[in-house]
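Keep the structure open while reading.

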Amino acid sequence: ASAYLCNNLLSYYAAAGGGLREARRLFDEVPAAQRNVFTWNSLLSTYAKSGRLADARAVFAEMPERDAVSWTVMVVGLNRARRFGEAVEAFLDMVGDGLAPTQFTLTNVLSSCAAAEAGGAGRRVHSFVVKLGLGGCVPVANSVLNMYGKCGDAETARAVFEQMPARSVSSWNAMVSLDARLGRMDLALSLFESMPDRTIVSWNAVITGYNQNGFDAKALWFFSRMLRDSSSMVPDEFTITSVLSACANLRMVSIGKQVHAYILRSGMPCVGQVTNALISMYAKSGSVENARGVMDQAVVADLNVISFTALLEGYVKLGDMKRAREIFDIMSNRDVVAWTAMIVGYEQNGYNDEAMELFRSMIRSGPDPNSYTLAAVLSVCASLACLNYGKQIHCKAIRSLQEQSSSVSNAIVTMYARSGSLPLARRVFDRVRWRKETVTWTSMIVALAQHGLGGDAVGLFEEMLRVGVKPDRITYVGVLSACTHAGFVDQGRMYYQQMQDKHGIVPEMSHYACMVDLLARSGLLPEAQEFIRQMPVEPDAIAWGALLSACRVHKDADLAELAAEKLLSIDPGNSGAYSALCNVYAACGRWGDAAKAWKRRKDGGVRKETGFSWTHVRGRVHVFGADDTLHPQREAVYRMAAKMWQDIKKAGFVPDLQSVLHDVDDELKEEMLSRHSEKLAIAFGLLATPEGTTLRVMKNLRVCNDCHTAIKFISKVADREIILRDATRFHHFRDGLCSCKDYW
């Protein structure tokens with residue numbers, strides 16, 4: 001009687017899944033001779049249901065006799081503990097011992113196969129289902145169906161579904177979900193319409209399917225149909241999450257607000273995935289403050305990295321990097337997407353130093369960067385012309401096998417090109433050109449054009465067409481720019497027409513500006529003016545600026561006045577327009593008009609954009625302004641600049657005093673010219689680098705005539721190659737010559 005009572009009490013503890021200490025004490029009180037398999041199974045089940053799998057295994061190993069229940073308890077316990085592989089192994093061992101699995105065993109092991117996406121093991125289990133004649137058992141058949149669906153075997157899943165003699169609503173839901181997950185929305189909808197009964201799971205499968213497959217408008221329409229046609233159907237958190245995701249993708253904040261109002265009216269708990277979906281919807285739709293309001297009211301533990309990242313990106317789009325960084329800093333579990341979003345935000349908003357520092361922090365203590373991270377940091381290196389650091393990123397891309405990523409390889413090409421190392425850019429391009437991707441070829445064509453190799457750029461473009469790579473609008477901007485800098489007027493006209501006739505690309509403002517620049521630089525000023533007059537859209541500041549710049553070269557003051565007037569009507573604060581007009585007047589000897597233009601600028605409160613240059617030496621960036629007084633080695637730099645000035649004058653250099661518009665004597669004009677920012681950067685480079693080292697200097701404005709001529713002489717006298725990147729292109733100075741052939 002005592003053993004019988006203990007067995008019943010153990011059964012009670014096993015069913016309740018608790019009272020481990022009492023269950024063990026009761027088990028130990030039963031004499032060993034009176035313990036049967038029921039006694040052992042009860043203790044085993046108590047441990048398994050409580051998640052004490054180590055204790056359960058110990059009991060299982062100690063059992064003198066095991067039956068199908070013993071094995072089933074272990075399979076179920078392992079499945080619930082998400083130890084799916086071990087659950088499958090236990091099932092196979094059970095069958096190996098000659099014991100027939102029960103329906104409960106089969107549904108649990110099939111659940112493990114589905115979760116682990118173990119299709120091979122799942123098929124073996126399916127064979128046992130067939131042998132045992134349980135294919136008509138709806139719960140087991142549903143588990144088989146679900147297993148094949150999770151393993152991606154849609155055809156076998158459909159065959160199982162069609163052979164089922166009886167189907168529950170779960171059977172239908174499994175097939176609808178499978179078709180939706182595989183993007184087969186027509187099949188999913190057809191099944192949905194054929195369902196005899198539907199649950200909220202049925203509606204969710206279609207709504208989520210539309211949302212996840214990019215048919216967000218259809219997802220919202222289907223949600224509306226559910227509310228209209230099924231008044232008894234109450235949306236759950238899965239419905240709401242998918243609908244909010246669709247609103248976010250469509251940037252439909254008005255509908256998102258209505259869904260938010262429904263959540264509040266219905267009393268649905270605004271926690272977990274619903275809260276995260278609300279934050280993402282508001283942030284992606286531009287209502288960042290609403291997103292922040294939801295976040296501030298939420299329990300931090302409910303928030304996931306996706307919602308934090310969405311809010312971060314919302315602030316990035318607004319250019320509010322301070323608040324974006326605040327969100328980033330309070331995130332407890334930052335994944336690679338969050339780190340990348342912050343780095344990209346800094347890069348897109350011009351905070352290059354902050355982007356680099358954050359990337360260094362990511363390398364030290366964050367996750368491994370992905371291809372998007374590396375592409376963003378390479379873009380920063382390109383902007384700053386950090387060649388050495390860019391090389392380190394390139395090495396990291398090679399080690400992490402990400403160099404072959406299109407975004408990374410293209411960013412590497414651009415980084416090398418914009419850092420002045422065209423041979424390295426070409427080497428990377430030659431390794432990936434076989435992919436025949438438009439953006440890759442375009443990157444190289446643009447690089448060649450910017451470095452003054454117009455002929456090479458045009459040649460590569462022709463090769464691109466021969467091998468069947470289709471150019472896009474940016475490719476044509478690159479090849480038109482190459483024709484502009486090389487003076488290929490006829491080819492430029494031909495490509496402009498070919499772009500429209502052969503490739504169906506409608507000209508945009510960038511193409512119009514290239515054509516104006518092409519014609520004007522070549523001295524065809526009347527034709528350039530006529531081209532502007534016939535443009536189907538209003539010319540922008542870039543088009544008028546191109547015409548204005550050409551007027552200086554060809555000394556056409558009247559046309560320069562018109563171009564400057566048009567440019568300033570579009571952009572009244574453009575100091576470059578005043579500078580260019582003054583330079584035209586100076587080139588024509590009209591000093592009085594130059595002074596008037598300069599006074600007009602000052603009276604209008606337009607500040608002249610400050611010119612500065614920078615260079616990288618031993619891992620540090622050294623920035624110089626004209627007449628710089630801030631650099632710690634300024635005295636040595638000025639001495640070197642003065643010596644350099646005298647050396648090139650002895651070699652035949654004649655300063656362009658006319659380019660100094662200030663009313664001062666010639667000696668002071670010379671001193672002002674000798675201290676332009678790019679000359680100071682070069683003087684520092686000569687001091688700080690070994691003989692024969694290539695000097696790389698970047699300037700934020702267009703290089704002036706005097707500096708261009710002076711640097712040609714410096715390259716010969718100092719026997720250095722000097723690569724200068726100004727606001728429009730690269731100049732490679734060597735042996736007294738420039739790659740632009742004085743045409744820039």
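## Salt bridges, loops and a domain boundary

Lysine 649 is partly exposed, with a relative accessibility of 28%. The model is a predicted one. Lysine 649 pairs with glutamate 670 in a salt bridge, and their closest N and O atoms are 2.9 Å apart. This pair links distant parts of the chain.

How many salt bridges does the structure hold? The count is 36. Some of them share partners: Glu193, Arg198, Arg225, Arg228 and Asp229 are joined in this way into one network.

Two further pairs are worth a look. Arginine 433 forms a salt bridge with aspartate 430, with 3.0 Å between the closest N and O atoms. Arginine 433 counts as buried, because its relative accessibility of 18% falls under 20%. Aspartate 430 is partly exposed at 38%. The other pair is arginine 83 and glutamate 86, whose closest N and O atoms are 3.1 Å apart. Here arginine 83 is partly exposed, with a relative accessible area of 33%. Glutamate 86 is partly exposed too, at 27%.

Now turn to arginine 292. Its place is in helix 18 (residues 288-297). Is arginine 292 buried or exposed? It counts as buried, at 16% relative accessibility. Setting aside neighbours within four places in sequence, arginine 292 is in contact with Leu311, Tyr315, Arg323, Glu326 and Ile327.

Aspartate 335 belongs to a loop, the one between helix 20 (321-330) and helix 21 (336-348). Its relative accessible area is 27%, so it is partly exposed. A polar atom of the aspartate 335 side chain lies 2.9 Å from the backbone nitrogen of alanine 338. Beyond residues up to four places away in sequence, aspartate 335 touches Val305 and Pro367. Proline 367 is 32 residues away along the chain, yet the C-alpha atoms of aspartate 335 and proline 367 are separated by 6.6 Å.

Next comes the domain boundary. The chain is divided into domain 1 (507-609) and domain 2 (613-738). Their centres, taken over C-alpha atoms, are 27 Å apart. In contact are 7 residues of domain 1 and 7 residues of domain 2. The size of an interface is often given as the accessible area lost when the parts come together. Between domain 1 and domain 2 that buried area is about 710 Å², and carbon and sulfur atoms give 52% of it.

What polar pairing crosses between the domains? The count of salt bridges between domain 1 and domain 2 is 0. There is 1 residue pair in polar contact. On the side of domain 1 that touches domain 2, helix 35 (575-587) and helix 36 (591-603) each supply at least two residues. Helix 35 gives the largest share, 3 residues. By type, the residues of this side divide into 4 nonpolar, 1 polar and 2 charged.

Finish with serine 575, which lies in helix 35. Serine 575 is buried, with a relative accessible area of 6%. Leaving out residues up to four places away in sequence, serine 575 touches Val606, Arg607, Lys608 and Glu609.

Key
Residues are numbered from 1 along each chain as its sequence is written. This is a predicted model: local features need pLDDT of at least 70, side-chain atom pairs count only at pLDDT 80 or more; totals for chains, interfaces and linings use all residues. Side-chain values use heavy atoms; hydrogens and water are left out. Domain bounds come from an automatic or database domain assignment. Contact means heavy atoms within 4.5 Å. Buried area is the accessible area (1.4 Å probe) that two parts lose on being put together, summed over both. A salt bridge is a side-chain nitrogen of Lys or Arg within 4 Å of a carboxyl oxygen of Asp or Glu. A polar contact is a pair of N or O atoms within 3.5 Å; within protein, one must be able to donate a hydrogen and the other to accept it, and residues adjacent in sequence count only if both atoms are side-chain atoms. Helices (H or I, at least four residues) and strands (E, at least two) are DSSP runs, numbered from the N terminus. Ala, Val, Leu, Ile, Met, Phe, Trp, Tyr, Cys and Pro count as nonpolar, Asp, Glu, Lys and Arg as charged, and the others, Gly among them, as polar. Buried means under 20% relative accessible area, exposed over 50%, partly exposed in between (1.4 Å probe, protein chains only).
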